[in-house]
Structure formats: structure tokens, C-alpha cells
Amino acid sequence: MSILDFIVPRRDRIRAENCALKLALSGVEERLFTEMAYSRKLAEDRDALLAQNCRLRAQRDDALARRRRDEKGRFR
């Protein structure tokens, strides 16, 4: 048995394993990028909802202040 009989099959197994690992890595990277995009979208949605919440609170506070002014004016 020569050294090549040992090295060649081992080399082929290593190449096959590397190929499988590259495929697995590309699948993981694809899932990671998808999750990152989804996470960014969720953050954008959260920021939009927070901004809307602030606007609605300001409108509510303005309406309450107007109502208080109107009630004070009516009962004087």
C-alpha cells in the first residue's frame, strides 16, 4: 500500500466535507440575512408606532386642555 492510497481518499473526503460545510454555511448566511431584514422591518414598524403614539398623545392632551378651557369659560 502506497502513501497515495492513503492520501487520495482522505483528500477526497476532506473536499466532500468542505463542500457540505460551504453549502450549510450559505444556508445559514441566507437565514441570517433574512432574519436581519425582518428585524430591521420590526424596528422600523416599532419606530413608526412610537411616533404615532406620541402624536396621538399630543392630540389627546390638546383636546383635554381645550375642554378644560371651555368648561372654565362656561361656568364663570
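Arg68 is exposed, with a relative accessible area of 52%; here buried means under 20%, exposed over 50% and partly exposed in between, using a 1.4 Å probe and protein chains only. Arg68 sits in helix α1, where helices (H or I, at least four residues) and strands (E, at least two) are DSSP runs numbered from the N terminus. From the C-alpha atom of Arg68 to that of Glu17, 51 residues away along the chain, the separation is 75 Å.

Before going on, a word on the model. It is a predicted one, in which local features need pLDDT of at least 70 and side-chain atom pairs count only at pLDDT 80 or more, while totals for chains, interfaces and linings use all residues. Residues are numbered from 1 along each chain as its sequence is written, and side-chain values use heavy atoms, with hydrogens and water left out.

Now step back and look at the whole chain. The protein has one helix and zero strands. Its C-alpha trace spans about 110 × 10 × 5 Å along the principal axes. The radius of gyration is 33 Å, whereas a compact globule of 76 residues would have one near 11 Å; this radius is taken over C-alpha atoms, and the globule rule is 2.2 Å times the number of residues to the power 0.38. Of the 76 residues, 0% are buried. The protein exposes about 7,400 Å², and carbon and sulfur atoms supply 58% of that area; accessible areas come from the Shrake-Rupley method with a 1.4 Å probe, and for residues only the protein chains shown count as cover.

Ile7 belongs to helix α1, which covers residues 3–74, and is partly exposed at a relative accessible area of 41%.

Charges come next. The 19 positive and 13 negative charges have mean positions 9 Å apart. In that count Lys and Arg are positive and Asp and Glu negative, while His and the chain ends are not counted; each charge is placed at NZ of Lys, CZ of Arg, CG of Asp or CD of Glu.

Side chains of opposite charge can pair when their charged atoms come close. A salt bridge is a side-chain nitrogen of Lys or Arg within 4 Å of a carboxyl oxygen of Asp or Glu, and by this rule there are five. One of them joins Asp45 and Lys41, at 2.9 Å from N to O. These two are four residues apart in helix α1, so about one helical turn separates them. Asp45 is partly exposed at 33% relative accessibility, as is Lys41 at 43%.

Further along, Arg67 forms a salt bridge with Glu71, their closest N and O atoms being 3.6 Å apart. Arg67 and Glu71 are also four residues apart in helix α1, so about one helical turn lies between them; Glu71 is partly exposed at 32%. Asp61 forms a salt bridge with Arg60, with 3.1 Å between the closest N and O atoms. Asp61 is partly exposed at 38%, and Arg60 is partly exposed at 46%.
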